[in-house]
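This report describes a predicted model.

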Amino acid sequence: MDDDKFYVPNRLEIKPGAFYFVAKCPITKKILAIERDPDRGSNPYSHADTLVSCHHCQGRHRFETSDIIPCQASEGDDW
Ligand SMILES: [Zn+2]
């Protein structure tokens, strides 16, 4: 368990079929990818506090662990 703040500055490349930890942008309500999930949904997100630069609203958001869920990408997803 890593309780440090985790900062995600760059937009991830979304590959269809791959799993990502995602959260919802509070401004646009769009899904935002935080990082790749190598465990394909079998383990919860491990950082307690995450700061993300958001490509949807160009803002910056802080998410807690409970805001972040694993999700599998489909063709055309703009996370
Ligand atoms: Zn946003």
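## Nonpolar core

Twelve residues make up the largest nonpolar core: V8, Y20, F21, V22, A23, L32, A33, I34, Y45, V52, F63 and I68. Two or more of these residues come from each of strand 2 (19–24) and strand 3 (31–36). With four residues, strand 2 contributes the most to this core.

V52 is one of the core residues. Leaving aside residues up to four places away in sequence, V52 is in contact with V8, L32, I34, R60, H61 and F63.

Three strands form an open sheet in the order 3-2-6, and the pairing is antiparallel. Strand 3 and strand 6 (69–72) each have a single partner strand and lie at the edges, so one side of each has no neighbour in the sheet. On average, neighbouring strands of this sheet are turned by 50 degrees against each other, direction ignored.

Five bridges join strand 2 and strand 3 in the antiparallel sense. F21 has E35 of strand 3 as its bridge partner.

A73 lies in the segment after strand 6. Is A73 buried or partly exposed? A residue counts as buried if 20 or more other C-beta atoms lie within 10 Å of its own; A73 has 19 within 10 Å, so A73 is partly exposed.

Not counting residues up to four places away in sequence, A73 touches I14, K15, P16, G17, A18, Y20 and W79. Between A73 and I14 the separation is 59 residues in sequence and 7.0 Å in space, C-alpha to C-alpha.

How values were computed
Residues numbered from 1 in each chain as written. Predicted model: local features only at pLDDT ≥ 70, side-chain atom pairs only at ≥ 80, totals over all residues. Core = buried A, V, L, I, M, F, W, Y, C linked by C-beta atoms within 7 Å. Contact = placed C-beta atoms within 7 Å. Pairing = 2+ DSSP bridges. Axes fitted to C-alpha atoms, helices over the stretch in contact; angles between N-to-C directions.
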